[in-house]
Amino acid sequence: MNHSSHSQRVVYLDNAKFALIFLVVAGHFLLPLEHTRFSFNIYFLIYTFHMPCFVFLSGFFAKTAFKDGHFRIRRLLEPLWLYFLFKLLTHITEGLVAGEITWSIDFFSETGAPWYLLAMALWTLTLPAFKELKPSAVILGSILLSLLSGYQRSVDAFLAMDRVLGFAPFFYAGYYLSQKTLDRVLSAWRLPLIAAAALTAGYIGLRAYDRLGLLYRLIFSANYTYLDPSLYLYGPALRLLVYAAAALLSAGLLAAVPRRKTPFSVIGQRTLQIYILHRLIRDLMQYFGFYQLINVHQKSNVLGLLFLAFLVTLLLGNSYFFMVFQAVKNLPFHSSAKALSAKTSSAK
């Protein structure tokens with residue numbers, strides 16, 4: 001593949017990542033609001049597919065974590081390091097919102113935004129173990145395990161296992177899908193995928209409040225007991241339906257994003273810093289009473305909040321935050337590299 005097509009390929013994925021990180025910020029900014037028909041429909045639509053697609057791309061870019069029989073240990077340690085920091089910071093900001101910052105932090109249990117970093121470490125850790133298995137077996141096995149996990153009460157926030165299992169099919173689908181296949185499918189089926197995704201989004205955006213209730217939680221592999229008792233036995237089928245909607249909306253987004261470079265492409269390369277920092281900003285907005293100023297029954301206020309989320313996404317994606325974030329992310333690895341270098345020099 002020539003350089004121009006390679007650049008085009010990277011650019012459209014960066015554009016998709018920008019769209020997705022904006023939806024992550026928007027979803028978290030909407031979360032504290034009282035549900036109205038308008039706000040809930042938008043919230044439901046975002047949560048149906050934004051993290052499944054985000055995780056799919058995470059798996060897609062995880063191909064270098066285990067390659068040619070070599071496992072890059074940093075691809076495991078880096079998300080764990082960031083998870084530790086993120087968990088510590090959210091413990092403080094969530095404590096401010098709750099009115100008390102306790103000294104006890106449970107690093108082994110997670111229900112909030114840091115779950116993604118912990119899940120990335122755990123998914124990456126499984127890759128060497130699956131090297132002898134067929135991709136289809138891994139993907140189908142992860143789907144089956146996720147569908148059945150809803151009946152197991154022990155699958156909960158411990159090690160974020162509910163989300164680890166719930167999103168695993170999307171991670172492995174991205175990991176095993178080749179760039180060539182992805183490009184071919186998105187090119188050959190571009191208009192049908194966009195049309196089908198638009199129809200699905202339209203239905204969810206108009207009918208979620210009336211008909212879909214809390215079904216979006218099925219994507220997180222939450223236990224089926226929260227469903228209406230009459231739907232309990234149909235939990236796996238409902239989860240599979242939500243998976244299908246998430247996959248369709250994700251494919252539609254990937255097909256629709258521009259193939260050329262845009263002003264937002266570079267920000268799509270910096271999604272991790274935005275993912276971590278925006279959550280702290282949202283907590284501080286709650287602490288300082290920002291949400292008390294929003295009349296959720298006025299659609300203009302909800303749209304204004306979404307525009308604020310867009311501005312925050314742009315702000316946190318700037319080069320200054322990128323430099324600081326990179327320094328923090330690399331901190332323990334620079335230290336270990338220097339220690340190893342010093343040890344090697346002294347041995348000579």
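How far apart are the end C-alpha atoms of helix α8 (residues 190-212), and what distance would a straight helix reach at 1.5 Å a residue? The legends below refer to a predicted model, and the first of them takes up this question.

**View 1. Helix α8 and its bend at L206.** Although helix α8 has 23 residues, its end C-alpha atoms are only 28 Å apart, which falls short of the 33 Å that a straight helix would reach at 1.5 Å a residue. In this predicted model, α8 bends by about 55 degrees at L206. Just after α8 comes G213, whose phi is positive, at about 50 degrees.

**View 2. The buried residues of α8 and the helices they pack against.** L193, A197, T200, I204, A208 and L212 are the buried residues of α8. These buried residues pack against three elements, namely α2 (37-60), α7 (179-188) and α9 (235-256).

**View 3. The crossing of α2 and α8.** Two packed helices are described by the angle between their axes and the distance between the axes. For α2 and α8, the axes come within 8 Å and cross at roughly 120 degrees. That crossing makes α2 oblique to α8, and the passage of α2 across α8 is right-handed. On the α2 side, the residues that meet α8 are R37, F40, N41, F44, L45 and T48, while on the α8 side they are A201, I204, G205, L206, R207, A208, Y209, D210 and L212. Among these α8 residues is L206, where α8 bends by about 55 degrees, and I204, A208 and L212, which take part in the contact with α2, also belong to the buried residues of α8.

**View 4. The packing of α10 against α11.** Helix α10 (residues 271-287) and helix α11 (residues 299-316) pack at an angle of about 130 degrees, and their axes lie 10 Å apart. The two helices are therefore oblique to each other, with α10 passing α11 in a right-handed crossing. From α10, the residues Q273, I274, L277, H278, I281 and M285 make the contact, and from α11 the residues L305, L308, V312, T313 and L316.

View 5. When its neighbours within four places in sequence are left aside, S250 is in contact with F49, P52 and C53.

Notes. Residues numbered from 1 in each chain as written. Predicted model: local features only at pLDDT ≥ 70, side-chain atom pairs only at ≥ 80, totals over all residues. Heavy atoms only, no water. Helix = DSSP H or I, 4+ residues; strand = E, 2+ residues; numbered from the N terminus. Expected span 1.5 Å × (residues − 1). Bend = angle between axes of the 7 residues up to and from the residue. Buried < 20%, exposed > 50% of the residue type's maximum accessible area, 1.4 Å probe, protein only. Contact = heavy atoms within 4.5 Å. Axes fitted to C-alpha atoms, helices over the stretch in contact; angles between N-to-C directions. Parallel < 35°, antiparallel > 145°, perpendicular 65-115°, else oblique. Left-handed = near helix turned anticlockwise from the far one by under 90°.
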